[in-house]
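Here's a quick briefing to read with the structure open beside you. Have a look at the model first, then work through the notes.

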Amino acid sequence: MTGQIRNVMEAICFIEDNLEENLDLETVARAVNYSKYHLHRMFTQTVGLTLHDYIIRRRLTEAARLLIFSDRPILEIALAAGYESQQAFTDIFKAMYKKSPNQYREAEAFYPLQLRYILKENPGDFREKPGWQQKIAYGTEGDIPAWMELVRLVVDGFPYLDEADYLEKLRDAVRTGQALVLKDGDTAVGAMMFNRETGSIDFLGIHPQYQKQEIARAFCRKALYELSRTGAVTVTTFREGDRADTGYRRMLKEMGFAETELLVEFGYPTQRMILHKNTDTSGGTGK
């Protein structure tokens, strides 16, 4: 597995160094000297996204950055992002960001769709450690740097995430005992912020390389225990069919969460989901 991770890291480095070039699976595979079929399988297994989707999301994020922090014309940004026309760029940008490039630029607030993946070369397997669920602990001030590294890695699941605002909320959650974290060495591999008053999970992030280890379920069981007064926990996620969703909605449904009302949060269409205390969360998982 270590060799596979190194290979994927090599592919990510090439992608990041050439985001404004003509990139596709065949080009990247040739650059790192692997068959495209082998690279596709390795990349998807390790990252949880196809190489194609990773490239699209990274390019759109860098395009969004240019919209806010530069005066470059939208057509020029569209071409740099790999699109042959401004209309094609506008269509995919709006599908992912829920705003046109013009509207996004006018809002003057940058937020990423996908940040560069930083992978752990030797990820552990908690399934080999009896009683590992007990290592889910209340977060401390010392956990915040590792927690924020995890947030940047899973930012694809949290549209409109503003780091400064999030950090303030995280510090408050740590102070009030409403933040839980699971670490593998110095790496935060799972983290949850919850609210005892509302019975809600406000953040649940699982490191991509650990998503097949039942960690999300362990956190949800912990949340049901912490929020036992309400008898259920709620969380908001992407609506059905949202192209920006990389699998978070499916993961929640596989854990037993049921759909409730449709919402709009920070201008983004979402849906609230609920998990009742008597729900069996022991089924299969996967992002």
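This is a predicted model: local features need pLDDT of at least 70, side-chain atom pairs count only at pLDDT 80 or more; totals for chains, interfaces and linings use all residues.

The largest pocket holds about 930 Å³ of space, while the largest cavity holds about 90 Å³. Helices α2 and α3 cross at roughly 100°, and Asn 33 sits in the loop between them.

**Where α2 meets α3**

- Helix α2 covers residues 25–32 and helix α3 covers residues 36–47, and their axes come within 9 Å.
- The two axes cross at roughly 100°, and angles of 65 to 115 degrees count as roughly perpendicular, so α2 and α3 are roughly perpendicular to each other.
- On the α2 side, the contact is made by Leu 25, Glu 26, Val 28, Ala 29 and Val 32.
- On the α3 side, Lys 36, Leu 39 and His 40 do the touching.
- Sorted by class, this contact has 5 nonpolar, 1 polar and 2 charged residues.
- In the loop that links α2 and α3 you'll find Asn 33, whose phi is near 65°, a positive value in a residue other than glycine.
- Asn 33 has a relative accessible area of 69%, and the cut-off for exposed is over 50%, so Asn 33 is exposed.

**The largest pocket**

- A total of 34 residues line the largest pocket, and the closest to its centre are Phe 158, Asp 202, Phe 203, Thr 236 and Phe 266.

- The model has 2 cavities of 30 Å³ or more.
- The largest cavity is lined by 14 residues, with Met 96, Pro 112, Leu 113, Pro 159 and Tyr 160 the closest to its centre.
- Its lining has 12 nonpolar and 2 charged residues, and no polar ones.
- Tyr 160, one of those residues closest to the cavity centre, belongs to the loop between α8 (144–153) and α9.
- The phi of Tyr 160 is near 65°, which is positive in a residue other than glycine.
- Is Tyr 160 buried or exposed? Its relative accessibility is 15%, and buried means under 20%, so Tyr 160 counts as buried.

- Asn 7 is part of helix α1 (residues 2–17).
- Asn 7 counts as buried, at 15% relative accessibility.
- Setting aside its neighbours within four places in sequence, Asn 7 is in contact with Tyr 34 and Met 42.
- Tyr 54 belongs to helix α4 (residues 51–69) and counts as buried, at 0% relative accessibility.
- What does Tyr 54 touch, not counting residues up to four places away in sequence? The list is Ile 12, Ile 15, Glu 16, Phe 43, Leu 49, Gln 114, Leu 115, Arg 116 and Tyr 117.
- For a sense of distance, Tyr 54 and Lys 169 are 115 residues apart along the chain, and their C-alpha atoms are separated by 29 Å.

Definitions and conventions:
Residues are numbered from 1 along each chain as its sequence is written. Side-chain values use heavy atoms; hydrogens and water are left out. Axes are lines fitted to C-alpha atoms, for helices over the stretch in contact, and angles run from 0 to 180 degrees between N-to-C directions. Helices (H or I, at least four residues) and strands (E, at least two) are DSSP runs, numbered from the N terminus. Angles under 35 degrees count as roughly parallel, over 145 as roughly antiparallel, 65 to 115 as roughly perpendicular and the rest as oblique. Contact means heavy atoms within 4.5 Å. Ala, Val, Leu, Ile, Met, Phe, Trp, Tyr, Cys and Pro count as nonpolar, Asp, Glu, Lys and Arg as charged, and the others, Gly among them, as polar. On a 1 Å grid over the protein atoms alone, a cavity is a set of points where a 1.4 Å probe fits but cannot get out, and a pocket is an open set with protein on both sides within 12 Å along at least five of seven lines; lining residues have an atom within 4 Å of a point. Grid points are joined across faces, edges and corners, and a volume is the space filled by probe spheres set on the points. Buried means under 20% relative accessible area, exposed over 50%, partly exposed in between (1.4 Å probe, protein chains only).
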